[in-house]
Amino acid sequence: MTTTDIPAKPARAKSPAPPRQQRGRIRREGAAWVFLSPWVLGAVVLTLLPMAVSLYLSFTDYDLFNAPRWVGLRNYVQMFTEDPRYWRSVGATLMYVVIAVPLQLALALAVALALKSMKRGKSFYRSAFYAPSLLGASMSIALVWRAVFNDGGTVDNLLSDIGIHTGGWVNKPGWALLAVALLTVWQFGAPMVIFLAGLQQIPVELYEAASVDGASRKRQFISITLPMLSPVLFFNLVLQTIQAFQVFTPAFAVSGGKGGPADSTLFYTLYLYDRGFVASHMGYASAMAWVLLLAIGAVTAVLFRTSRSWVFYANEGER
Amino acid sequence: MPGNRTKWSCATVAVLTLSVLLTGCGGSDESSGGGRTVLRYTWWGNPDRAARTQEAVALFEKEHPGVTVQTSFAGYEAYKQKLATQAAGGDAPDVMQLDYRQIDQYASGGILLDLGKQKKALRTDAIDSGLLATGVVDGTQYAIPQGRGTEAVVYDAEQWKAAGVALPRKGWTWDEWADAMRELAKKAGKPGSIDPGQSEDCFEVWLRGQGKSLYTKDRDLGFTADDLTRWWTFTDKLRRAGAVSSAEQTTQLDGSVENQPLARGKAVADFNWDAPSSGFTAIVGEGLTLAPMPSGSDGTPGQYFKPSMFMGAAATTEHPEESAEFIDFMINDEKAAAILGASRGIPVNEPIRDDIGPQLKDFDKVVADYQDSVDGSLRTPPKAPPSGDTSLQTTFQRDYDQVSFEQMTPREAAEDFITEAKAELRS
């Protein structure tokens with residue numbers, strides 16, 4: 001050991017600084033890569049590769065059992081021109097986004113406002129309202145939801161007691177979509193926490209000045225809270241819209257995987273799943289997935305474009 | 001030295017990362033530990049079938065001390081999807097229960113083991129050759145039929161009699177059936193039957209009663225939009241009259257007996273395959289019985305004896321011989337047959353069928369008697385349906401949803417279905 005070490009030292013001394021630094025950098029970078037490796041591996045193996053495969057599959061006919069067969073744009077053509085059920089799924093999804101997202105954000109904001117002015121028990125209520133967001137995505141809650149809104153379920157019984165007989169929500173077109181949307185609205189915890197954080201950022205002096213000027217509560221909300229909160233509102237809107245487009249579990253559980261009644265909860269992802277895993281048309285399902293990706297991208301871009309006219313950043317005046 | 005420490009921690013992290021990755025994949029090795037052979041056996045069915053299957057499997061394990069059979073089951077729809085995903089991932093269970101509608105797809109996809117090569121472990125000489133041939137695709141025996149079944153009108157005889165309506169008889173027509181349903185609705189105060197409009201199986205019986213079929217010999221549709229329009233107009237009228245169950249009830253059907261109007265106390269009768277109807281008795285109680293399906297107006301019977309289900313093995317199984325032995329046990333063993341009864345249809349093994357016939361009790365006996373009553377009067381079964389059919393069954397139900405919720409006319413929905421069916425069969 002020592003014999004090999006001795007000639008090494010003078011060699012290092014001959015060409016002193018640069019290689020040593022370089023080696024140090026390599027070593028440091030190496031360590032960084034090692035620490036990054038779980039993430040990089042995950043990103044490549046679990047995200048990038050599947051995406052590439054799915055893009056390829058979207059141009060093929062693939063039934064899981066036999067090798068994929070190249071069909072060019074046929075899946076896309078069929079989707080847009082020959083598949084009435086595809087358009088019904090687009091319609092159901094848009095309807096859902098338009099109902100669920102505003103309702104959810106309005107509720108989140110209302111509860112955040114109530115919590116903000118609360119003196120005691122704030123953290124308890126914050127956790128209590130946040131809990132559904134943690135549970136809500138699970139299959140079990142969706143199944144409970146189905147039971148609650150079913151014919152003879154809790155909601156039906158309660159409404160019957162006050163004289164309104166619905167005969168269940170989840171087995172009627174129109175009503176079923178509402179039941180699923182309510183499940184999403186109920187999970188308003190995440191946007192609520194973000195709203196709460198945003199509300200606490202608004203300087204108290206603004207409200208004090210407004211009260212001195214005699215502004216009403218409503219006036220204060222419209223002229224101070226909303227503009228000051230607009231970046232947070234925008235953030236929540238984008239996030240929840242993207243999530244709403246991808247809604248799957250609640251509709252799957254509530255309709256037993258069929259998107260019924262009468263295709264009223266046949267959301268885009270549910271129909272995608274149906275094409276892929278029930279009908280074994282993986283190529284068609286992949287094509288649908290790529291169209292969804294592009295559509296979400298387009299909607300997000302539009303939201304960003306409109307945001308210029310209504311989102312107000314506090315430091316804008318300084319620029 | 002600091003350099004060494006960095007090297008060490010790098011190595012540690014790398015090893016940890018790798019071991020985490022590897023343990024994630026290594027789970028399956030443990031199942032074959034201890035030198036025991038582990039067979040995975042999956043099937044669809046109801047809790048009644050589950051109890052009997054567990055008992056039979058326990059007996060098999062006792063007689064084959066080196067073999068453990070892990071079973072799992074689900075409802076038909078969920079099972080179908082899970083099996084397809086497993087098969088595509090190269091992870092098909094060693095032994096699996098298959099439907100007539102799945103065989104074509106699974107055999108042509110190379111998922112199934114050639115059972116003809118397992119003759120030593122798996123005896124087939126006691127099975128009627130015509131029935132055995134239903135498990136053959138392109139000249140290879142990929143699956144063994146396990147039982148035979150036929151469709152039936154399941155009804156609560158007491159309620160029916162109490163309503164004072166003439167009981168169903170052999171050879172009754174669809175018009176007579178419809179009259180009975182109207183009368184039942186009037187006198188029993190609830191719909192006579194489930195709405196058969198959503199069921200491709202019922203439509204097939206109706207179609208065959210007119211001498212037509214779902215599929216032609218060259219795997220094309222055997223009917224036109226006109227035929228389907230007539231069927232859906234017929235059922236839609238009955239639904240509007242309250243003679244069959246409402247759209248809200250029909251849309252909840254998912255293949256499990258629990259969600260059928262008959263089980264929910266919302267109808268007097270139901271359509272179902274004969275053996276699975278045993279699931280109703282646990283909910284509705286005794287007093288259920290079976291009647292033949294309505295026939296065409298000239299008396300042409302539409303129902304037929306179908307291999308109720310098959311057993312197949314995975315081409316990828318590591319234990320082809322044990323798998324074959326297990327299939328043999330489930331089909332040919334007398335003690336197993338005594339346990340299984342008619343839970344998977346009346347057994348295909350002829351000596352066993354004759355043997356257990358008199359021993360059958362409760363609903364099994366009802367099924368056996370029912371099969372005897374129609375035996376000999378039915379026409380030959382159709383060929384196994386083409387692969388696209390599995391998803392068309394669901395499409396059929398969805399399109400009829402549009403009719404029963406009055407969002408489409410029978411004509412519009414029928415044309416919708418034909419369009420999708422043609423696309424499905426083309427690919």
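Between chain A and chain B the count is 6 salt bridges. The model is a predicted one. Over all chains, the structure holds 34 salt bridges. Chain A and chain B bury about 3,300 Å² between them. A search of the whole structure also turns up 4 cavities of 30 Å³ or more.

**Charged pairs**

- Side chains of opposite charge can pair when their charged atoms come close.
- One salt bridge joins D399(B) to R85(A). The closest N and O atoms of D399(B) and R85(A) are 3.1 Å apart.
- Another salt bridge links D263(A) with R88(A), and here the closest N and O atoms are 2.9 Å apart.
- D263(A) sits in the loop between α12 (249-254) and α13 of chain A, while R88(A) belongs to helix α4 of chain A, so the pair ties together parts that are 175 residues apart in sequence.

- The size of an interface is often given as the accessible area lost when the parts come together.
- Of the roughly stated total, about 3,300 Å², 51% is on carbon and sulfur atoms.
- Three residues stand out on chain A: F65(A), R85(A) and K258(A) supply 22% of the area that chain A buries against chain B, more than any other three residues.
- Chain A brings 38 residues to the contact, and chain B brings 42 residues.
- Polar contacts between chain A and chain B come to 10 residue pairs, both residues at pLDDT 80 or more.
- On chain A, the helices α2 (17-57), α3 (74-81), α4 (84-116) and α13 (268-278) each supply at least two residues of the side that touches chain B.
- α2(A) gives the largest share of that side, with 7 residues.
- The side of chain A that touches chain B divides by class into 17 nonpolar, 9 polar and 12 charged residues.

**The largest cavity**

- Rolling a probe the size of a water molecule over the atoms shows where empty space is left.
- The largest cavity has a volume of about 200 Å³.
- Its lining has 22 residues. Nearest the centre of the largest cavity lie S255(A), K258(A), G260(A), T251(B) and Q252(B).
- Helix α16 (residues 389-404) of chain B gives the most to this lining, with 3 residues.
- By class, the lining of the largest cavity has 5 nonpolar, 11 polar and 6 charged residues.

**The second largest cavity**

- The second largest cavity holds about 130 Å³ of space.
- It is lined by 13 residues. Those nearest the centre of the second largest cavity are Q146(B), M330(B), L340(B), G341(B) and P347(B).
- The elements α12 (320-332) and α13 (334-340) of chain B give two or more residues to the lining of the second largest cavity.
- The lining of the second largest cavity has 7 nonpolar, 5 polar and 1 charged residues.

Definitions and conventions:
Residues numbered from 1 in each chain as written. Chains lettered and ligands numbered in written order. Predicted model: local features only at pLDDT ≥ 70, side-chain atom pairs only at ≥ 80, totals over all residues. Heavy atoms only, no water. Contact = heavy atoms within 4.5 Å. Buried area = accessible area lost by both parts, 1.4 Å probe. Salt bridge = Lys/Arg side-chain N within 4 Å of Asp/Glu carboxyl O. Polar contact = N/O pair within 3.5 Å; in protein donor to acceptor, adjacent residues only side chain to side chain. Helix = DSSP H or I, 4+ residues; strand = E, 2+ residues; numbered from the N terminus. Nonpolar A, V, L, I, M, F, W, Y, C, P; charged D, E, K, R; others polar. 1 Å grid on protein atoms, 1.4 Å probe; cavity = no way out; pocket = protein on both sides within 12 Å on 5 of 7 lines; lining within 4 Å. Points joined across faces, edges and corners; volume = space filled by probe spheres on them.
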